[in-house]
Amino acid sequence: MIDISKSNVTSGIVWNTLEKLSVKITQFIIGIILARLLLPEDYGLIGMIAIFIAISQTFVDSGMGSGLIQKQNRSTLDYSTVFVFNFIVSSTFYFLLFISAPYIADFYNTPELKLITRIVGINLIINSFALVQRSIIMIALDFKKLAKINIISVILSGIIAVYFAYSGYGVWSLVIQTLISSITSTILLWYFSKWKPSVVFSNKSFKDLFGFGSKLLLAGIYAKTLQNIYNISIGKKYSADDLGFYTQGKQLAEVSSGTISSILQQVTFPVLSSLQADKEKMILVYKRLIKMTAFLIFPVMITLAVLSNPLIELLLGEKWLRTIPLLQWMCFARIFYPLSILNLNILKANGRSDLFLKVDILKAPIIILALIITIPISVEAIVIGQVISTFISYLINSFYSRKLYGYGAISQFKDIWLMIISSVITGLITYFIIIIINSLVLKLVIGFGVSIIIYFLISNLFKIQEIQEIKSLFLKKH
């Protein structure tokens with residue numbers, strides 16, 4: 001069992017955030033270059049097929065990777081069984097995507113999607129070769145190694161994509177980027193994990209792992225469908241340009257929210273899984289994670305919303321100005337997402353994939369209702385609907401946290417309300433400062449700088465515990 005202390009949890013969140021940020025910052029820089037070279041329509045075309053790729057990838061995983069992480073006594077036979085299963089399922093779903101490509105193109109009335117779907121779908125087979133290796137590294141809690149793999153694949157695929165975009169290949173630059181990224185990360189995962197598969201399949205291992213993973217599979221299909229149903233709706237109702245603006249706004253919002261969510265998914269699940277036998281310690285760690293996550297995510301997302309105008313106008317250019325209101329609302333739509341991840345991960349870590357699925361199903365009517373109401377209005381209305389539905393989803397996700405561990409939404413708000421107030425005050429002060437500045441560069445530089453200083457000053461004033469922990473951590477490291 002891994003010994004998890006309060007300082008270890010804080011250190012894991014902070015330092016894994018810093019490592020993950022290096023990947024996201026690189027993606028952000030490459031994304032800016034590509035956005036200046038490409039058109040919104042190019043991003044819209046990729047967005048149209050996102051749901052088909054996402055659902056297929058969910059079937060490939062089938063919760064088996066999570067099953068390996070959650071299981072306490074794993075064997076080489078378990079690993080090989082998952083590897084063989086992933087390859088068979090990925091090949092099957094690539095075949096289905098291949099023959100479905102013409103129908104997907106017809107659905108959107110966009111002929112070029114036929115070939116795009118068939119090429120992008122190859123990622124399914126490539127990624128299936130890396131799932132077990134990735135799980136092994138996560139079980140070892142070696143997130144630094146994962147960061148190295150990610151940064152290398154992001155840089156290499158990004159450089160190649162920029163070259164093709166500059167050479168006029170349009171949407172194919174994005175297609176090539178996904179392929180190079182998958183190939184590079186798979187090769188590196190094989191190199192770093194040291195585990196090599198054998199073509200062995202155990203029915204017993206499969207039943208054990210799939211018994212846990214099957215409910216995560218259903219939850220994953222459901223979640224991916226709801227996450228990407230916006231792409232289908234916007235792509236069908238509006239244009240590829242509109243979907244491109246929406247996609248870009250979502251990507252920018254996820255530079256911060258997505259980073260923290262990704263870290264939480266990678267770090268907290270194996271950590272909480274390792275504490276299954278010590279419920280008291282698990283709940284203590286869980287509470288610390290909630291508070292540290294809120295301390296990081298609220299000021300970042302509010303500041304990003306405040307600075308979205310100069311950010312997009314300066315970095316992406318005038319052709320992307322329609323993304324500004326979408327990004328602003330998207331920041332608020334994503335602000336509670338990392339907390340939702342934590343509330344779901346504690347269920348998954350305790351082997352309660354049945355509740356994980358049940359909670360996800362409960363959210364469906366709210367999300368679908370919001371979409372039905374907003375889709376006839378505008379793309380901006382759709383994103384505003386997401387703000388409401390994601391907050392309600394957070395409340396639903398925290399229901400079993402209260403029932404099983406006595407730490408639901410109300411208790412969580414009691415722990416984080418000072419952070420919310422500090423973030424709002426920081427956002428307001430930053431907004432009133434940047435409106436008197438004319439230069440876009442100064443708006444960004446001063447805006448980010450002021451927001452950091454103000455938030456830390458207010459946190460000290462309110463005696464928020466997390467600021468003291470971070471200061472102690474940095475003093476210890478230096």
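Helices H14 and H21 are roughly parallel to each other (a label for angles under 35 degrees, with over 145 called roughly antiparallel, 65 to 115 roughly perpendicular and the rest oblique). Here H14 and helix H21 (residues 409–434) pack at an angle of about 20°, with their axes 9 Å apart. Axes are lines fitted to C-alpha atoms, for helices over the stretch in contact, and angles run from 0 to 180 degrees between N-to-C directions. Helices themselves (H or I, at least four residues) and strands (E, at least two) are DSSP runs, numbered from the N terminus. This is a predicted model, in which local features need pLDDT of at least 70 and side-chain atom pairs count only at pLDDT 80 or more, while totals for chains, interfaces and linings use all residues. Residues are numbered from 1 along each chain as its sequence is written, and side-chain values use heavy atoms, with hydrogens and water left out.

H14 passes H21 in a right-handed crossing; a crossing gets that name if the near helix is turned clockwise from the far one by less than a right angle, and is left-handed if anticlockwise. Contact means heavy atoms within 4.5 Å. On the H14 side, the residues that meet H21 include Tyr286, Ile290, Phe295 and Phe298, and their partners in H21 include Ile416, Met419, Ile420 and Tyr431. Sorted by class, this contact of H14 with H21 has 14 nonpolar, four polar and two charged residues. In that sorting, Ala, Val, Leu, Ile, Met, Phe, Trp, Tyr, Cys and Pro count as nonpolar, Asp, Glu, Lys and Arg as charged, and the others, Gly among them, as polar.

H8 and H10 make another pair. The axes of helix H8 (residues 131–139) and helix H10 (residues 171–193) come within 9 Å and cross at roughly 50°, which makes H8 oblique to H10. This time the crossing is left-handed. Gln133, Arg134 and Ile137 in H8 meet Ser185, Leu189, Trp190, Phe192 and Ser193 in H10. The residues of that contact split into four nonpolar, three polar and one charged.

Now for the inside of the protein. A nonpolar core is a set of buried Ala, Val, Leu, Ile, Met, Phe, Trp, Tyr and Cys residues joined through side-chain atoms within 4.5 Å. Buried means under 20% relative accessible area, exposed over 50%, and partly exposed in between (1.4 Å probe, protein chains only). The largest nonpolar core has 98 residues, and those with the most contacts inside it include Leu34, Tyr246, Phe295 and Phe298. Helix H14 (residues 279–306) gives the most to this core, with 16 residues. A second, separate core of eight residues includes Tyr79, Val82, Ile136 and Ile139. Leaving aside residues up to four places away in sequence, Tyr246 touches Tyr230, Asn231, Ile234, Leu326, Met330, Val379, Val383 and Gln386.

Met282 sits in helix H14 and is buried, with a relative accessible area of 0%. Met282 and Tyr405 are 123 residues apart in sequence but 9.7 Å apart in space, C-alpha to C-alpha. Helix H2 (residues 40–48) has seven of its nine residues buried, so it is largely enclosed by the rest of the structure.

As for the protein as a whole, it has 23 helices and zero strands, and 56% of its 478 residues count as buried. Asn109, in the loop between helix H5 (76–108) and helix H6 (113–120), is exposed, with a relative accessible area of 69%. Phi of Asn109 is near 55°, a positive value in a residue other than glycine.
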